[in-house]
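The sequence and the model come first.

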Amino acid sequence: MHEFGITSRIVNTVLQAAAEHKSTQVLEVELLIGRLTFLNPAQVQYSYELLARGTILEGSTLIIEEIEGAVRCMKCQRINSLKLPPQGCYDPFPSFCCPECGGSVEIIQGKECLVKGAKMI
Amino acid sequence: MRKFPGNNGVDKIKIEKDLLLDQQMLAAENRRILDRFNVKMIDIMGSVGTGKTSLIQQVVKQLKSNYRIVVINGDLDTTIDQERIGSCGVDAYQINTGKECHLDAVTVRGMLKQINLEQTDLILVENVGNLICPVDFPLGAHRRLMVISVTEGPYVARKHPAVFMEMEYVAINKTDLAAVMNVDVGELIRDIKGIRVNARVYPISCRQQGGLGDLATALLEDI
Ligand SMILES: Nc1nc2c(ncn2[C@@H]2O[C@H](COP(=O)(O)OP(=O)(O)O)[C@@H](O)[C@H]2O)c(=O)[nH]1
Ligand SMILES: [Mg+2]
Ligand SMILES: [Zn+2]
């Protein structure tokens with residue numbers, strides 16, 4: 001739902017990097033989105049195309065890689081991944097406790113919205 | 001600019017900037033400001049109409065003799081909630097987010113500048129009415145409370161596990177309507193705890209003023 005706002009920050013981040021590199025055209029941008037965020041990659045992609053128009057990002061490719069969630073047990077420190085089926089629903093629930101010892105867990109991966117880098121001329 | 005032969009002048013540059021991590025760092029800055037003044041902040045989230053404003057009114061009534069309370073109301077366009085809170089005898093500040101679906105740390109930071117933090121013990125933030133988006137945007141609050149209500153039906157937790165996974169405190173409001181809505185509150189609690197074992201879930205009714213004391217105590221315990 002907030003894809004447009006976040007994507008405009010993505011675009012600004014790349015524009016700033018491009019300006020620092022005195023680039024005249026950006027060709028490709030690499031983005032990593034965590035599966036535990038509420039960002040829909042398809043909507044980020046769509047917003048990106050709209051927001052890139054009229055800038056040196058126009059026509060560039062946005063490559064979105066998704067990354068699974070992972071949690072660490074606060075009791076035994078073990079790390080487990082929270083695998084989502086492709087349609088994006090948990091089935092059955094993640095019980096959000098450590099599968100080894102039942103302890104409470106904290107999210108250590110899956111909340112990313114990381115602009116990794118870009119190819120530019 | 002350097003052009004490398006063989007790559008047609010294309011440069012691959014590293015940026016490595018995480019926009020949601022930035023939000024967490026901005027939230028941490030807010031927290032440092034609050035802690036400097038020993039002010040506690042609670043972020044109250046939930047869909048439109050679940051009872052966030054009603055809950056704040058009740059909590060204010062319970063706590064205002066012991067805490068100097070300020071309320072921040074996030075809303076798209078009106079000051080209705082600000083006026084409702086103002087009528088409880090505490091200061092209420094309105095943030096109109098326009099078209100944003102959530103408050104963020106920077107907006108709240110702007111508010112913290114306006115509030116006299118030295119004269120404040122507790123800030124209650126009513127986030128924009130939305131179950132999902134505020135979860136991605138921490139504000140720096142000491143507690144995050146999700147308010148749901150039985151009028152959204154029995155499946156709200158089950159359908160949004162990724163939301164409830166992150167919620168340590170959940171209030172189930174309008175329990176006075178549970179029978180009419182055909183919702184089993186016990187089952188809703190089990191759903192929430194099935195997603196997050198250590199979630200603290202409080203059934204309340206703002207209408208009948210039930211369960212609010214327990215909730216307020218839990219929110220302020222070891223804060
Ligand atoms: N029956 C019942 N109605 C409630 C309760 N709490 C709030 N409401 C009603 O629900 C509606 C929305 O409440 P409000 O506090 O404005 O929700 P908000 O949008 O989350 O701030 C209002 O008409 C309230 O009177 C409750 O415990 N029981
Ligand atoms: Mg309200
Ligand atoms: Zn464990």
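## Ligand 1: polar contacts

The side chain of Arg84(B) places an N or O atom 2.8 Å from an oxygen atom of ligand 1. For Lys174(B), a polar side-chain atom is 3.1 Å from an oxygen atom of the ligand, and for Ser205(B) an N or O atom of the side chain is 3.5 Å from an oxygen atom of ligand 1. A polar contact here is a pair of N or O atoms within 3.5 Å; within protein, one must be able to donate a hydrogen and the other to accept it, and residues adjacent in sequence count only if both atoms are side-chain atoms. On its own, ligand 1 has 580 Å² of accessible area (Shrake-Rupley method, 1.4 Å probe), of which the protein covers 76%.

This is a predicted model, in which local features need pLDDT of at least 70 and side-chain atom pairs count only at pLDDT 80 or more, while totals for chains, interfaces and linings use all residues. Side-chain values use heavy atoms, without hydrogens and water; residues are numbered from 1 along each chain as its sequence is written, and chains are lettered from A and ligands numbered from 1 in the order in which they are written.

## Ligand 1: the shell

There are 17 residues around ligand 1 (a heavy atom within 4 Å), and Lys52(B), Thr53(B), Ser54(B), Arg84(B) and Asp176(B) come nearest. By class, the shell has 3 nonpolar, 8 polar and 6 charged residues. Nonpolar means Ala, Val, Leu, Ile, Met, Phe, Trp, Tyr, Cys and Pro, charged means Asp, Glu, Lys and Arg, and the others, Gly among them, are polar.

Helix H2 of chain B (residues 52-63) gives the most to this shell, with 3 residues. Helices (H or I, at least four residues) and strands (E, at least two) are DSSP runs, numbered from the N terminus.

## Sheet in chain B

In chain B, 7 strands form an open parallel sheet in the order S4-S3-S5-S2-S6-S7-S8; two strands pair if DSSP finds at least two bridges between them. Strands S4 (91-96) and S8 (200-203) of chain B are at the edges with a single partner strand each, so one side of each has no neighbour in the sheet. From one strand to the next the twist averages 20° (axes are lines fitted to C-alpha atoms; angles run from 0 to 180 degrees between N-to-C directions).

Strand S3 (residues 69-75) of chain B runs parallel to S4(B), joined by 6 bridges. Asp75(B) is opposite Asn96(B) in S4(B).

## Sheet in chain A

In chain A, 3 strands form an open antiparallel sheet, ordered S4-S3-S5. The twist averages 35° from one strand to the next. Strand S3 (residues 69-73) of chain A is joined to S5(A) by 4 bridges, and Arg72(A) is opposite Glu106(A) in S5(A).
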